[in-house]
Amino acid sequence: MATPVIVTRALTREFAAAGGKVRAVDALDLTVARGEVVGLLGHNGAGKTTTVRLLAGVLTPTSGSARVFGLDPTADGVAVRSRVGVSTETPAVDDRLSGRAGLTAYADLHGVPVARVRARVDELLASFDLAEAADRKVGSYSRGMRQRLALARALLHDPELLFLDEPTAGLDPVAARAVADRVRALRGEGRSVVLCTHDLAQAQALCDRVVVLEHGRVVASGAPAALAAELGAGMRVRVVASAPEGVDVAARLTELDGWSAVVTEPGGADGGLAAGVVTGIARDAEAVAEAVAVLVGAAVRLYAVERELPDLEDVYFALHGRRPAVAGGPAPAQEGQR
Amino acid sequence: MNLRAVRAIVRKDLTVVLQSKAVLLPIIIVPLVLLLVLPIVASFAPQFVNLPGAGDLRGMLEQMPEAFQQRFAHLTEAQTIVTLLLVYLFAPMYLIVPLMVASVIAADAFAGEKERRTLEALLFTPTTDRELLLGKLLSGFVPAMAVAWGGFLIYAVVANAAAWPTMGRIFFPTAMWWVLALWVAPAVAAVGLGATVLVSARVNTFQEAYQIGGVVVLPIVVLLLGQATGVLVFSLGLVVVLGAVFWAVAAALLFFGARGFSRSEILSRS
């Protein structure tokens, strides 16, 4: 692995809550290499945003340690933040300022050389397709424009490491594609990116590595394809079939041992065969063989039984429900383990 | 200290503040009424000196300490009324201006920014907590003093001009008013800022911060009542002491407010 830009060891952050304390980040061990795009995946409350805040030195950890560029974010917060760009979950842009005024203010705050501020702001406005709206109040911007402005702001000082928290949340597909292209470009420039996202397809497409968090703990980590192959093996099966009157293929599969999440795909017909399409998750090849036997026995005409390639979504849902050990229980999983 | 960053915060906050009617209206209307309309009305008070009710002012003056009454010994009745109103009774009201402007803008800069969810972006900048706090405090202090001193100037011009037929000379500002404007007004603005910083750490909206922080106007009300009843008559000496007291209170409020102002605290509470 190249030189790590982020290393955390047993990083923990607790918050006071009614009736006790809540651990938002729980003994997190994480390493991000220079030039790597790492996805932090997890539900709301999984600890993604808190992790970003801890690494940027705006939140102090309860215990454990973090190093960003070899610096302690708590003690050297200013130095860390001068090399880090953050795009927060909500764009956090001032509605009452123009796009240009907002960027100019933040260029000053990030210490962009005075002589470069105007050019840098213009360059980013153009680069994010905001030049025409630059002097309009941000309050009149669309959600996509605000998101792009927040991204432009995160890049003002040419940071070596970027934290992008849900950068495509609420964006239309075109705007989301533009953000994805931008992340690829950043990786191409050798920058490290930590991408917090719910968008599993996006994580699969963009990330060199993903880290799945649940209740502040790492429950899985690795390259998206490797994780999918490992955790999603033999799972999703697609059945194209024509059933006689009174036979429900999906219902028959659901009744079988080793099958779950069986659904009839909307639209039904496949390839002009007047056949329905049913997908489900089979435990293993034996479960698939048994299903074929049962369906043939029920006079169902089978046109195809295909195993689809598993993706991150399969991994995510396979992990969902796998609760990490509670406090006082076994040691938490570390990155690289499941 | 990164002064460029501090200036950037002040500039940004003031630009944002000037776009908000909820913030801008009180900042314009209150000084306008207290420092422009009231002195004009007060300057015409001698014309109503024989009307029922005018005796209240004479009665009020008679309740004042003997030493205070001596200040009016060489004045005509009309001049006494003008001087009593413009120099003494309105003096505590002048202090409302820096207090209110500082509190409104600070409430917007601290709690309002939390409410608009723009504070987080500021927290991720390479500034120290102290620079952030200083920037936010100056965002309230600079306009408060600009309005207070600008208002003082306008009040002086209006009072002298409107009361010229009665006074026949430039009688304002007095030494007491110079001290009030240059020593007490900044202290009162600092009290407003300190109270707002303390309150803003515990609330999440501009309105909450402004309303709860509004209790700091009570000492001014006490001064008004004290002045009107003769219990606390403004004089040069009293105003100097008053300024020192307000500075001490401001220092305490800012000390405790600054202690709670850290990124981690702000994010832990939000």
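## Start at helix 1 of chain B

Covering goes by contact, meaning heavy atoms within 4.5 Å. Helices here are DSSP runs of H or I with at least four residues, strands are runs of E with at least two, and both are numbered from the N terminus.

Before you click on: this is a predicted model, where local features need pLDDT of at least 70, side-chain atom pairs count only at pLDDT 80 or more, and totals for chains, interfaces and linings use all residues. Residues are numbered from 1 along each chain as its sequence is written, chains are lettered from A and ligands numbered from 1 in the order in which they are written, and side-chain values use heavy atoms, leaving out hydrogens and water.

**Along the helix.** Helix 1 of chain B runs over residues 3–17, and its 15 residues reach 21 Å from first C-alpha to last, close to the 21 Å expected at 1.5 Å a residue. (The expected span is 1.5 Å times one less than the number of residues.) Now colour its buried residues, among them B:R4, B:K12 and B:D13. Buried means under 20% relative accessible area, exposed over 50%, and partly exposed in between (1.4 Å probe, protein chains only).

**Across to chain A.** Zoom in on B:R4, which makes a salt bridge to A:D108 with the closest N and O atoms 2.7 Å apart. The rule asks for a side-chain nitrogen of Lys or Arg within 4 Å of a carboxyl oxygen of Asp or Glu. Next pick B:K12, whose side chain meets A:D94 in a salt bridge at 3.4 Å, N to O. That pair crosses between chains, with A:D94 sitting in the loop between strand 5 (84–87) and helix 3 of chain A. Both B:K12 and A:D94 are buried.

Then jump to B:E120, which bridges to A:R53 at 3.0 Å between the closest N and O atoms. B:E120 lies in helix 7 of chain B and A:R53 in helix 1 (residues 48–55) of chain A, so this pair joins two chains. Both B:E120 and A:R53 are buried.

**The whole interface.** Select everything in contact: 32 residues from chain A and 29 residues from chain B. The buried area is about 2,700 Å², with carbon and sulfur atoms giving 60%; that is the accessible area (1.4 Å probe) the two parts lose on being put together, summed over both. Show A:V58, A:R96 and A:L109, which supply 28% of what chain A buries against chain B, more than any other three residues. The rule finds five salt bridges across this interface. On the chain A side, strand 1 (4–17), helix 2 (77–81), helix 3 (99–109) and helix 4 (114–127) each give two or more residues, and helix 3 gives the most, with five residues.

**Last stop, inside chain A.** Over all chains there are 27 salt bridges. One to select is A:R34 with A:E160, at 3.6 Å, N to O. A:R34 is in the loop between strand 2 (20–33) and strand 3 (37–41) and A:E160 in the loop between helix 5 (143–155) and strand 6 (161–165), so the pair ties together parts 126 residues apart in sequence. A:R34 is partly exposed at 39% relative accessibility, and A:E160 is partly exposed at 29%.
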